[in-house]
Amino acid sequence: MSNVELSQKEQAEIVDKLISRLDETGPEEEFDEDLYNQLDERHKMQVDDAITEFVNGAVGSDTWNSDE
């Protein structure tokens with residue numbers, strides 16, 4: 001992780017990059033944690049929400065991670 005604070009534009013570009021890779025990520029590929037860890041909390045939440053939405057669609061249920 002870098003100690004250099006990224007601009008909002010740079011963080012938005014990282015968010016776009018991480019989200020666009022969700023469809024391309026296969027079982028043998030790993031999530032780019034180095035990029036993710038450079039984000040502030042607000043931008044991490046955007047990526048987290050996109051991951052949740054992606055998994056909901058892949059699993060076919062938006063309650064897959066609940067106790068229901």
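Contact means that heavy atoms lie within 4.5 Å of each other. The exercises below use this term for a predicted model.

**Exercise 1. Describe the overall make-up of the protein chain: which elements does the chain hold, and in what order do they run?**

Step 1. Count the elements. The protein chain has three helices and zero strands.

Step 2. The order is α-α-α.

Step 3. Look at the contacts. Among contacts in the protein chain with a separation of 6 or more, 52% join residues 24 or more positions apart.

Step 4. Of the 68 residues, 22% count as buried. The chain exposes about 5,300 Å², and carbon and sulfur atoms supply 46% of this area.

Step 5. Check the confidence. The average pLDDT of the protein chain is 83, and 79% of the residues score at least 70. Confidence is highest in α1, at 95, and lowest in α3, at a mean of 90.

**Exercise 2. Find the salt bridges and classify their residues: how many are there in the structure?**

Step 1. Apply the cut-off. A side-chain nitrogen of Lys or Arg must lie within 4 Å of a carboxyl oxygen of Asp or Glu. The structure holds two such bridges.

Step 2. Take the bridge between R21 and D32, with an N to O distance of 3.4 Å. This pair links distant parts of the chain, with R21 and D32 eleven residues apart. Both R21 and D32 lie in the loop between α1 (8–20) and α2 (33–36).

Step 3. Classify this pair by accessibility. Buried means under 20% relative accessible area, exposed means over 50%, and partly exposed is in between. R21 is partly exposed because its relative accessibility is 29%. D32, at 25%, is partly exposed as well.

Step 4. Take the bridge between E41 and K44, with an N to O distance of 3.9 Å. Both residues lie in helix α3 (residues 41–59), three residues apart, which is about one turn of the helix.

Step 5. Classify this pair too. E41 has a relative accessibility of 56%, so E41 counts as exposed. K44 has a relative accessible area of 16%, so K44 is buried.

**Exercise 3. Identify the largest nonpolar core: which residues make it up?**

Step 1. List the members. The core has eight residues in all: L6, I14, V15, L18, L35, Y36, L39 and V47.

Step 2. Assign members to helices. α1 and α2 each supply at least two residues of the core. The largest share, three residues, comes from α1.

Step 3. Follow one member. Not counting residues up to four places away in sequence, L35 touches I14, K17, L18 and R21.

Step 4. In soluble globular proteins, nonpolar side chains tend to be buried together.

**Exercise 4. Classify the aromatic pair: what is the arrangement of the rings of F31 and Y36?**

Step 1. Count the pairs. The structure holds one aromatic pair.

Step 2. The ring centres of F31 and Y36 are 5.6 Å apart and the planes stand at 65 degrees, so the pair is edge-to-face. The cut-off for this class is over 60 degrees.

Step 3. F31 is partly exposed because its relative accessibility is 32%. Y36 has a value of 16%, so Y36 counts as buried.

Technical notes
Residues are numbered from 1 along each chain as its sequence is written. This is a predicted model: local features need pLDDT of at least 70, side-chain atom pairs count only at pLDDT 80 or more; totals for chains, interfaces and linings use all residues. Side-chain values use heavy atoms; hydrogens and water are left out. Helices (H or I, at least four residues) and strands (E, at least two) are DSSP runs, numbered from the N terminus. Buried means under 20% relative accessible area, exposed over 50%, partly exposed in between (1.4 Å probe, protein chains only). Accessible areas come from the Shrake-Rupley method with a 1.4 Å probe; for residues, only the protein chains shown count as cover. A nonpolar core is a set of buried Ala, Val, Leu, Ile, Met, Phe, Trp, Tyr and Cys residues joined through side-chain atoms within 4.5 Å. Rings of Phe, Tyr and Trp (its six-membered ring) pair if their centres lie within 6.5 Å; planes under 30 degrees apart count as stacked, over 60 as edge-to-face and the rest as tilted. pLDDT is the predictor's confidence in each residue, from 0 to 100.
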